[in-house]
Amino acid sequence: MEHPLERRQVDVDGTELSYLTAGDDRARPLVLLHGTFWSRVWQPVLPDLGRIRRCIALDLPGFGASAGELDPEHATVPALARTVLDAADALGVDGFDLAGHDIGGGIAQHLAATTDRVQRMVLMNSVMFDSWPVPAVERFRDPEVRAATTVEDLLEARAASTRRSTVRELSDDELADYLSPWHEPARARSWTAMAAAADPRWTLDIVPALQRKALPTRLVWGRDDEFQKLGFARRYVEEIPGADLVEVAGKHLPTEDSPRQVADAIAEHLTG
């Protein structure tokens with residue numbers, strides 16, 4: 001039986017953060033993190049994953065349906081990892097499984113390396129090592145570029161990136177849904193702040209800790225991703241003990257291209 005999706009809120013230090021949830025509230029928690037998109041990336045697989053876990057697909061501050069606004073100082077991987085832990089505390093969640101996409105995968109790796117709260121991890125088309133930032137993101141390190149970027153500019157850029165993130169063509173409604181948060185200036189500024197804070201040192205510096213911990217980790221990868229190349233996933237499996245790789249048809253958003261295969265690969269790992 002599939003579990004219906006619900007959108008809920010949790011107060012984290014005075015900021016209302018939003019999350020998509022599916023599954024029994026008494027089940028083992030699975031926290032799912034986004035990067036340059038928002039919790040919408042996990043929506044196609046949450047009903048299936050809700051069969052085995054209490055799914056919590058969090059919107060970071062200033063992203064998706066969450067309140068707040070990020071600046072570059074609070075948009076670094078370590079700062080966002082702290083926010084995730086604060087949200088988990090507010091939800092009464094201690095230990096949890098963790099899945100991360102894109103920069104959310106960088107946050108997941110940081111949590112796995114620096115805390116004992118992550119039990120199993122999934123990285124889906126994630127940043128790692130020095131795979132990031134890609135040029136379309138890196139240019140926002142320049143404060144003049146950020147200041148000159150309008151909501152319309154960001155919407156145009158996000159539309160182009162989203163179209164390049166799937167093999168199948170998203171419908172007009174699906175694309176509009178993905179773009180919907182960035183019609184608000186505060187959320188547009190939060191996106192450029194995350195881009196400005198993108199720094200490969202956050203994923204390079206934790207490699208020794210990840211190697212020591214050897215956390216059970218599954219990489220689930222859309223093999224034709226133009227942004228996070230499959231070669232980095234293969235390198236991760238070679239260098240980090242406890243990791244394996246499942247390749248699926250798709251690009252940067254394999255939840256849209258191969259939702260059943262992604263859900264099955266994640267579920268197999270979490271229940272293995």
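Colleague: Which element gives the most to the lining of the second largest pocket, and with how many residues?

Modeller: That element is α2, with 4 residues. The model is a predicted one, in which local features need pLDDT of at least 70 and side-chain atom pairs count only at pLDDT 80 or more, while totals for chains, interfaces and linings use all residues. Residues are numbered from 1 along each chain as its sequence is written, and side-chain values use heavy atoms, with hydrogens and water left out.

The second largest pocket has a volume of about 250 Å³. A pocket is an open set of points on a 1 Å grid over the protein atoms alone, where a 1.4 Å probe fits and protein lies on both sides within 12 Å along at least five of seven lines; lining residues have an atom within 4 Å of a point. The volume is the space filled by probe spheres set on the points, which are joined across faces, edges and corners. Of the 13 lining residues, Val12, Thr15, Pro61, Leu70 and Thr83 are the closest to the centre of the second largest pocket. Two or more lining residues come from each of β2 (15–22) and α2 (77–90); helices (H or I, at least four residues) and strands (E, at least two) are DSSP runs, numbered from the N terminus. By class, this lining has 5 nonpolar, 4 polar and 4 charged residues, where Ala, Val, Leu, Ile, Met, Phe, Trp, Tyr, Cys and Pro count as nonpolar, Asp, Glu, Lys and Arg as charged, and the others, Gly among them, as polar.

Because they are 4 residues apart in α2, arginine 82 and aspartate 86 are separated by about one helical turn. Arginine 82 is partly exposed at 43% relative accessibility, and aspartate 86 is partly exposed at 21% (buried is under 20% relative accessible area, exposed over 50%, and partly exposed in between, with a 1.4 Å probe and protein chains only). The whole structure has 29 salt bridges. Another of them joins arginine 234 to glutamate 247, with their closest N and O atoms 3.0 Å apart. Arginine 234 lies in helix α11 and glutamate 247 in strand β8 (residues 243–248), so this pair ties together parts 13 residues apart in sequence.

The lining of the largest pocket divides into 14 nonpolar, 5 polar and 4 charged residues.

One of those central residues, arginine 158, lies over the face of phenylalanine 37, 4.7 Å from the ring centre; a charge sits over a ring if NZ of Lys or CZ of Arg is within 6 Å of the ring centre and within 35 degrees of the ring normal. The charged end of arginine 235 likewise sits over the ring of phenylalanine 129, 3.8 Å from its centre.

Note on methods:
Salt bridge = Lys/Arg side-chain N within 4 Å of Asp/Glu carboxyl O.
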